[in-house]
Amino acid sequence: MTADRREFVIGIACALSVVVLWSSFHLISRVGVQTSLTPYDLVTLRVGIGGILMLPVLLRHGLGHLRLWQAVIIAIVAGPGFALPAFAGYQFAPAAHGAAILAGALPLFTVPIAWLALGEQLNLRRLLGLLALFAGVVLLIGDSFTGFGAGQWRGDLLFIAGAIDWSIFAVLARAWRVEAVRGTALVAVISLIGFVPLHFAFLPSKFATAPLIDIAGQAVYQGFLSMIISLLLFTRAIGAIGASLTTMITAFVPVTAALSALVILGEPLTAFSVAAIVLVTIGMFGAVSGGRTAAPAAAAGKTL
């Protein structure tokens with residue numbers, strides 16, 4: 001096997017592994033808040049374990065060219081600012097909705113913010129992709145009022161809040177030239193310092209009553225696999241096969257997450273939700289293939 005062929009195979013394998021991890025995020029998070037843990041618990045496990053593991057990286061590399069206030073803003077929007085509404089949303093809405101909005105619809109918020117803040121190009125293909133994404137999100141919210149569970153619209157609104165926070169992070173990471181590993185270390189460690197003590201002092205927790213296996217499982221997944229490993233795989237895939245092909249492959253996350261939730265969690269898919277997921281997937285293809293976007297800059301710390 002030639003070196004180029006080997007790199008291509010490695011890149012495809014890494015990108016497919018990212019799809020598995022990002023799809024699993026929506027199922028595992030949904031199960032976590034529906035059974036034994038609170039959204040605050042999941043945020044603490046995510047940034048707590050991730051922060052401990054990334055602390056040596058931050059101590060070694062420091063803030064780089066960033067100022068402290070810039071690092072704090074990045075940590076707020078990409079740490080609790082993203083994770084808390086994402087986890088809280090799963091108290092109301094199914095995994096398919098979370099995957100479509102948090103993963104699939106991300107360019108719907110990132111591209112306009114990058115256009116306004118950074119002057120990035122908006123061509124016809126990207127505009128059509130954004131229209132398809134918008135139509136998909138509208139269908140999802142409409143489905144929330146007719147779906148199998150009451151109050152799903154609350155979850156969708158929380159997912160939108162999380163996606164907006166991540167979009168702000170993506171644009172800031174691009175504008176401030178935040179490297180992948182340093183960005184993840186900053187988000188994890190600063191969130192650990194700022195959020196975890198606040199959680200244990202003032203916010204609801206079920207750590208005292210939750211089964212140890214649930215806590216350990218979420219700690220390994222949220223803090224290690226989702227926070228760190230998916231970043232490394234995503235970055236490696238971009239290096240091997242490029243940002244465009246990598247992002248195209250990860251555009252399948254809404255589909256794989258929805259089908260997995262149907263099979264594993266027994267969450268039904270309505271006609272509205274199927275149509276919405278198709279629109280979101282098509283729209284994401286259009287948004288990421290219409291030229292450079294700010295979304296790949298989220299690789300500075302992208303983890304779901």
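Let me start with Q70, which is found in helix 3, residues 68–78; helices here are DSSP runs of H or I, at least four residues, numbered from the N terminus. This is a predicted model, where local features need pLDDT of at least 70, side-chain atom pairs count only at pLDDT 80 or more, and totals for chains, interfaces and linings use all residues. Residues are numbered from 1 along each chain as its sequence is written, and side-chain values use heavy atoms, with hydrogens and water left out.

Q70 counts as buried because its relative accessibility is 11%; buried means under 20% relative accessible area, exposed over 50%, partly exposed in between, with a 1.4 Å probe and protein chains only. Setting aside neighbours within four places in sequence, Q70 contacts H65 and W176, contact being heavy atoms within 4.5 Å.

Next, helix 5, residues 95–104. Ten of its ten residues are buried, among them H97 and G104.

G104 also turns up in the contacts of L133, along with A105, P107, L108, L279, V280, G283, M284 and A287, not counting residues up to four places away in sequence. L133 itself belongs to the largest nonpolar core, which has 80 residues. Such a core is a set of buried Ala, Val, Leu, Ile, Met, Phe, Trp, Tyr and Cys residues joined through side-chain atoms within 4.5 Å. L37, I74, F87, L133 and F169 touch the most other members. Helix 10, residues 212–241, supplies the largest share of this core, ten residues.

Last, V9. This residue lies in helix 1, residues 3–34, and is partly exposed, since its relative accessible area is 36%.

How values were computed
Helix = DSSP H or I, 4+ residues; strand = E, 2+ residues; numbered from the N terminus.
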